[in-house]
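Please read this briefing with the structure open beside you, and look up each residue as it is mentioned. The points are grouped by topic.

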Amino acid sequence: MHDLENLSNGAAEAAVAAADLIRKHFDDAHQITFKGTVDLVTEVDIASERLIRKLLLEKFPTIRFHGEEDGGEDWRQGQVWVVDPLDGTTNFANRLPHFSVSIALCHDGNPVAGAIVNPMSGEIYRAWQGGGAWLNGNRICVSKVEKLNEALAVTGYPYNRRECLDELLRHLRTMLQHVQCVRRLGSAALDLCYIARGIFSIYWETNLKPWDIAAGSLLVSEAGGRVTRYDGSQMQLDSYELLATNSILHAECIRLLTENSSTAA
């Protein structure tokens with residue numbers, strides 16, 4: 001059994017290699033296919049995942065693998081790498097330089113070590129259970145913002161947004177009325193990194209997938225933040241909704257998101 005810091009470092013090494021591959025192909029004309037109405041994938045997503053799988057299995061041959069593109073082992077049982085080889089594919093495909101590589105090791109469905117790399121900035125985020133959250137060798141922590149109207153927030157628009165548009169707009173309207181401002185950047189993994197390092201104080205989104213949030217949710221927790229469902233209950237990686245904050249503002253955000261939902265009902 002490898003120690004968790006070593007596993008996080010191994011994840012970071014694989015993520016950096018994938019980030020190098022992605023960056024080299026940033027300006028290429030991409031082969032784009034659609035997995036859903038607006039959910040796209042490029043040849044670089046697939047190449048990145050295959051490279052990560054190869055590197056991780058070479059270094060940790062007893063640990064199983066689950067990737068966004070090619071699937072794999074059941075991530076809910078035992079030790080499994082859960083990988084998003086290119087989080088923010090829409091940005092990448094449109095040459096918007098904001099996307100990431102996310103790798104987490106899950107034990108019985110719970111992330112215990114991981115890394116996230118921003119290919120265009122060179123930022124390497126690492127975390128492991130009980131070991132804190134790190135950016136390029138420096139420890140990071142969540143913001144100390146105490147007032148909603150001083151909090152910069154971030155959200156995302158899920159791929160099923162056309163089916164849940166009313167809910168999405170209700171929550172957005174509510175938050176815009178209370179926080180400093182709301183951003184939408186297009187990479188859930190990086191949104192969670194920015195909560196962990198204190199840029200954002202609030203992040204909420206629905207219909208996220210395990211590979212989107214496994215490493216990032218661990219990073220937030222290890223940086224002193226809190227991650228739950230909208231009502232404050234425990235979030236699983238396959239929960240429909242995620243609320244991540246600096247902990248200080250968490251109760252107020254729960255109230256806003258749940259009151260909003262109950263009023264709509």
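With which residue does Arg-76 form a salt bridge? The partner is Asp-74, and the closest N and O atoms of the two are 3.3 Å apart; a salt bridge here is a side-chain nitrogen of Lys or Arg within 4 Å of a carboxyl oxygen of Asp or Glu. This is a predicted model, in which local features need pLDDT of at least 70, side-chain atom pairs count only at pLDDT 80 or more, and totals for chains, interfaces and linings use all residues. Residues are numbered from 1 along each chain as its sequence is written, and side-chain values use heavy atoms, with hydrogens and water left out.

**Salt bridges**

- A search of the whole structure finds 10 salt bridges, and a few of them are described here.
- Arg-76 is partly exposed at a relative accessible area of 43%, and Asp-74 is also partly exposed, at 31%; buried means under 20% relative accessible area, exposed over 50%, and partly exposed in between, using a 1.4 Å probe and protein chains only.
- Asp-238 forms a salt bridge with Arg-76 too, the closest N and O atoms being 3.6 Å apart.
- That pair links distant parts of the chain, since Asp-238 is in the loop between β14 (226–228) and β15 (241–245), while Arg-76 is in the loop between β4 (71–72) and β5 (79–87), 162 residues apart; helices (H or I, at least four residues) and strands (E, at least two) are DSSP runs, numbered from the N terminus.
- Asp-238 is partly exposed, with a relative accessible area of 44%.
- Glu-259 forms a salt bridge with Arg-255, with the closest N and O atoms 3.7 Å apart, and both residues lie in helix α7 (residues 250–264), four residues apart, which is about one turn of the helix.
- Glu-259 has a relative accessible area of 40% and is partly exposed, and Arg-255, at 35%, is partly exposed as well.

**The five-stranded sheet**

- An open sheet of five strands has the order β12-β11-β13-β15-β14, with mixed pairing; two strands pair if DSSP finds at least two bridges between them.
- β12 (181–183) and β14 stand at the edges with a single partner strand each, so one side of each is left without a neighbour in the sheet.
- Neighbouring strands of this sheet are turned by 20° against each other on average, direction ignored; axes are lines fitted to C-alpha atoms, for helices over the stretch in contact, and angles run from 0 to 180 degrees between N-to-C directions.
- Strand β11 (residues 152–155) and strand β13 (residues 202–206) run parallel and are joined by three bridges, and the bridge partner of Thr-155 in β13 is Trp-204.
- Helix α5 (residues 188–196) packs on the sheet, where it touches β11, β13 and β15, and its direction makes about 155° with that of β13; contact means heavy atoms within 4.5 Å.
- Helix α6 (residues 210–222) also packs on the sheet, touching β14 and β15, and its direction makes about 135° with that of β14.

- Strand β7 (residues 110–117) is mostly covered, as seven of its eight residues are buried.
- β6 and β7 pair in the antiparallel sense over seven bridges, with Ile-103 standing opposite Ala-115 in β7.
- The hairpin of β6 and β7 has two residues between the strands, and Asp-108 takes a positive phi near 50° there.
- β7 also pairs with strand β8 (residues 124–128) in the antiparallel sense, over five bridges, and the bridge partner of Val-117 in β8 is Ile-124.
- β7 and β8 form a hairpin with six residues between them, and Gly-122 in the turn has a positive phi of about 80°.

**An exposed loop residue**

- Asn-94 is found in the loop between α3 (89–93) and β6 (100–107), and at 56% relative accessibility Asn-94 counts as exposed.
- Asn-94 and Ala-29 are 65 residues apart in sequence and 9.8 Å apart in space, C-alpha to C-alpha.
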